[in-house]
Amino acid sequence: MITGELKNKVDSIWDTIWTGGITSPITVLEQITYLMFMKLLDDNQLKAEANANVLGVPLKNKVFQDGVCVISEKPRIETEYRNLRWNVFHNFEPGEMLANIRDYVFPFIKTIGEGKDTAFSRYMKDTVFLIPTAKVLAKVVDGIDSMDMNNKDIMGDVYEYLLGKIASAGENGQFRTPRHIINMMVQLMRPTLKDKILDPATGSAGFLLSSAAYISEHQKNDLMKRENLGYFKSGLFSGFDTDQSMLRIGAMNMMLHGVEDPHITYQDSLSGDNTERDAFTLIMSNPPFTGSVFQEDISRDLLALTKTRKTELLFCSLFIKMLRAGNGRCASIVPDGVLFGSSRAHKELRKELVENQQLIAVISMPSGVFKPYAGVSTAILIFKKTDTGGTGNVWFYDMKADGFSLDDKRSEIADNDIPDIIARFHNLDGEAGRERTEQSFLVPKQEIVENGYDLSINKYKKVAYVAVEYPPTSEIVGRLYELQEQISHEMDELKKLLRL
């Protein structure tokens with residue numbers, strides 16, 4: 001989550017570029033992320049070089065090699081590799097730095113991948129470096145230098161904040177999920193190298209990045225095997241989106257985290273063009289909440305499951321279709337309306353999850369989780385695809401705090417239900433004795449069926465009322481007389497003081 005200090009630095013960089021003559025918000029956003037990517041590429045190699053020196057081993061697969069880099073053969077354009085590195089060129093004079101980045105560094109990063117058809121090469125192909133003057137560039141570079149780049153997903157943080165500065169952002173639910181919520185969902189689902197992971201509303205690839213980090217931490221030994229590492233870099237992660245800027249950021253983010261060729265594709269996930277079915281073992285997503293799509297564009301098999309134009313329902317249907325039966329599982333953020341909506345499409349979807357799939361959990365989140373960008377109430381649905389049913393007891397959890405205040409400031413606080421949610425979810429057998437007055441409890445399938453497949457936690461939660469004993473009426477009236485006499489006495493004293 002972006003901090004006040006980082007906001008101020010990003011605002012300063014934004015204002016510098018804007019003042020320099022670039023007034024398109026999307027263009028400003030892209031230029032900032034290109035420069036951040038240049039710095040992060042060099043930072044990553046500096047860390048790798050330091051580790052290699054400590055271990056006394058040569059560094060393999062370097063982005064920046066030794067000697068001369070040929071940028072182009074026709075016409076022949078070349079420069080020293082060292083001049084492509086942030087830690088070198090950020091010390092150049094402004095004019096020299098602008099020429100170096102424009103003529104060498106930016107063309108170089110567009111060629112990373114050695115001509116391979118990777119997500120990164122596809123989405124960088126048509127990019128243009130547009131910083132107009134040496135003075136503007138020098139100020140922007142200084143601003144980026146002042147940022148703490150140790151944050152694992154700082155590009156995602158900055159992108160999230162910049163989206164909030166763009167007036168059109170959010171019209172289609174285009175808000176990045178807070179990282180701590182993403183990490184919670186990943187820890188709930190525990191991805192492995194045996195999975196095939198998808199986010200069909202990829203955005204800046206937050207769910208894929210967190211999954212990659214989780215696997216890197218928990219399966220270090222397995223990643224030492226060549227075939228596993230190859231699958232990790234190309235094959236394990238997939239994502240779809242219809243925003244080229246987001247896809248570009250996602251591809252950059254994944255590359256910086258060791259995933260060189262994720263299957264990140266420009267595609268409308270809900271359309272008939274998306275033909276991938278029964279293909280994935282794990283889907284984690286925060287699909288668009290608002291808006292609708294043209295019915296003629298929607299894939300027919302989705303309409304057969306849920307006849308609607310509401311994107312939040314169509315995405316849930318899509319998850320079911322794209323998961324493998326038997327071992328496919330999903331964790332998705334949904335607006336509260338999905339849980340209790342009364343339309344036929346809402347009811348059909350919930351019935352499908354309960355009767356034909358295995359609904360496992362409904363985690364209700366407070367409405368402030370997406371502030372300051374949106375105040376919508378949301379929940380996390382977790383289910384397995386079986387196509388044969390299997391829903392038994394459904395676990396409900398009423399999250400009241402996520403470690404941050406629920407106002408627009410989202411300041412860090414002590415109250416945090418996330419560790420409790422993760423611990424309880426992985427020990428559902430221990431939830432059997434919980435009362436409905438507690439924060440989490442199990443509800444049998446039959447009770448959900450009898451309630452019309454309503455998945456709102458308030459339908460099943462019981463409120464514990466504490467009896468309050470009040471004094472007798474005569475005592476209350478007597479106290480009122482005493483207060484009246486006291487007020488009268490003090491008013492007389494005030495009059496004397498004021499000589500009225």
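Predicted model: local features only at pLDDT ≥ 70, side-chain atom pairs only at ≥ 80, totals over all residues.
Start with the charge pairs. Side chains of opposite charge can pair when their charged atoms come close. Across the whole structure, a search turns up 20 salt bridges.

Select Lys39 and Asp43 to see one of them, with the closest N and O atoms 2.8 Å apart. The two sit 4 residues apart in helix H2 (residues 25-55), so about one helical turn separates them. Lys39 is buried, at 9% relative accessible area, and Asp43 is buried too, at 15%.

Now pick Arg329 and Asp195, another salt bridge with its closest N and O atoms 2.8 Å apart. This pair ties together distant parts of the chain: Arg329 is in strand E7 (residues 328-335), while Asp195 is in the loop between helix H8 (179-189) and strand E3 (197-199), 134 residues apart. Both residues are buried.

Next, go to Glu348 and Arg344, whose closest N and O atoms are 3.0 Å apart in their salt bridge. Arg344 is exposed at 68%, whereas Glu348 is partly exposed at 29%. For a network, select Asp420, Arg424, Glu431, Arg434 and Glu438, which are joined by salt bridges that share partners.

Zoom in on Asp273, in the loop between strands E5 (263-266) and E6 (282-285); its relative accessibility is 64%, so Asp273 counts as exposed.

Last stop: Asn100, in helix H4 (residues 94-110). Is Asn100 buried or exposed? Buried, at 6% relative accessible area. Beyond its neighbours within four places in sequence, Asn100 contacts Asn83, Phe89, Phe92 and Val105.

Technical notes
Residues numbered from 1 in each chain as written. Heavy atoms only, no water. Buried < 20%, exposed > 50% of the residue type's maximum accessible area, 1.4 Å probe, protein only. Contact = heavy atoms within 4.5 Å. Salt bridge = Lys/Arg side-chain N within 4 Å of Asp/Glu carboxyl O.
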